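Here is a short briefing for a reader meeting this structure for the first time. Please keep the sequence and the model in view while reading.

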Amino acid sequence: MSPKETFWCSLGVDPAVRITYHPQSKKKRRTGSLLNAKTNVTTFEQAITMKNTRRTPITCLRISEKIPLSESDSIKVNLLEPSGLATSRGKVVLRDNVRARWVKPSESAPEDIDDSSLEDVDMKAARGLFEWICDIGPSKTLDVSLVWEVVAPIGVDWRQETDY
């Protein structure tokens, strides 16, 4: 390593940061009419709570998630939350202290979230992998949620047709 060169390494788990995944909810409904094809819509919601028990703020806390992708044209996976990320090709600002972005699976180390190379990453290029980048104040709690839906024709087992 040479002077002024940077590198990334993990220093392990920080016990002062607590991440809680609440039970995932799953709702099913049917759509369609006589003129439209009937489909099953399965909506998943995952609530996540982050707590900073330190007396100092945490910046750029990253939480990685993945949504399934469909290999079939008859099955659609729609990302509903984080809102705006599904149509984004870069980062999305959700609140002052919460951003989200797609991540290339080949990224072995976090990159600067303002890196212009992120502008060309979408859901398909990221293979459904994204991350929240959060700033949490001292002794504060932050909630985020992941919501996606799978739309499939009635009678099709979509779990076999996605990378879920």
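Phe-44 and Trp-148 are both buried. The model that shows them is a predicted one. A search of the whole structure finds three aromatic pairs. Phe-44 and Trp-148 form one of them, and their rings are stacked.

**Aromatic pairs**

- The ring centres of Phe-44 and Trp-148 are 4.9 Å apart, with 15° between the planes.
- This pair links distant parts of the chain, with Phe-44 in strand S3 (residues 39–52) and Trp-148 in strand S9. The two residues are 104 residues apart.
- Phe-130 and Trp-132 have their ring centres 5.0 Å apart. Their planes meet at 75°, so this pair is edge-to-face.
- Phe-130 is buried because its relative accessibility is 0%, under the 20% limit.
- Trp-132 is also buried, at 1% relative accessibility.
- Ring pairs join Phe-130 and Trp-132 with Trp-102 in a cluster.

**Overall build**

- The chain has zero helices and nine strands.
- Along the sequence, the pattern reads β-β-β-β-β-β-β-β-β.
- The chain has 164 residues, and 36% of them count as buried.
- Take the contacts in the chain with a separation of 6 or more: 72% of them come from residues 24 or more positions apart.
- The accessible surface of the chain is about 10200 Å². Carbon and sulfur atoms account for 51% of that surface.

- Ser-145 lies in strand S9, which spans residues 141–153.
- Is Ser-145 buried or exposed? Its relative accessibility is 18%, which is under 20%, so Ser-145 counts as buried.
- The side chain of Ser-145 makes a polar contact of 2.5 Å with the side chain of Glu-81.

**Salt bridges**

- How many salt bridges are there? The count comes to six.
- Asp-14 and Arg-54 meet in a salt bridge through their side chains, at 2.3 Å from N to O.
- That bridge links distant parts of the chain, 40 residues apart. Asp-14 sits in the segment before strand S1 (17–21), and Arg-54 in the loop between S3 and strand S4 (58–66).
- Asp-14 is partly exposed, with a relative accessible area of 26%. Arg-54 is partly exposed at 33%.
- Glu-149 forms a salt bridge with Arg-29, and their closest N and O atoms are 3.7 Å apart.
- Here too the pair links distant parts of the chain, 120 residues apart. Glu-149 is in strand S9, and Arg-29 is in strand S2 (residues 25–31).
- Glu-149 counts as buried at 14% relative accessibility, whereas Arg-29 is partly exposed at 45%.
- Glu-131 and Arg-62 form a salt bridge through their side chains, at 2.8 Å from N to O.
- Glu-131 is in strand S8 (residues 129–136) and Arg-62 is in strand S4, 69 residues apart. This pair also links distant parts of the chain.
- Glu-131 is buried, with a relative accessible area of 6%. Arg-62 counts as partly exposed at 25%.
- Salt bridges with shared partners join Arg-62, Arg-101 and Glu-131 into one network.

**Cysteines**

- A disulfide is a covalent bond between the sulfur atoms of two cysteines.
- How many disulfides does the count give? It comes to zero.
- Cys-60 is in no disulfide, and its nearest cysteine sulfur, that of Cys-134, is 9.5 Å away.
- Cys-60 is partly exposed, with a relative accessible area of 36%. Cys-134 counts as buried, at 0% relative accessibility.

Terms used. Residues numbered from 1 in each chain as written. Predicted model: local features only at pLDDT ≥ 70, side-chain atom pairs only at ≥ 80, totals over all residues. Heavy atoms only, no water. Helix = DSSP H or I, 4+ residues; strand = E, 2+ residues; numbered from the N terminus. Buried < 20%, exposed > 50% of the residue type's maximum accessible area, 1.4 Å probe, protein only. Polar contact = N/O pair within 3.5 Å; in protein donor to acceptor, adjacent residues only side chain to side chain. Disulfide = S-S within 2.5 Å. Phe/Tyr/Trp six-rings, centres within 6.5 Å; stacked < 30°, edge-to-face > 60°. Contact = heavy atoms within 4.5 Å. Areas by Shrake-Rupley, 256 points an atom, 1.4 Å probe, with all protein chains shown as cover. Salt bridge = Lys/Arg side-chain N within 4 Å of Asp/Glu carboxyl O.
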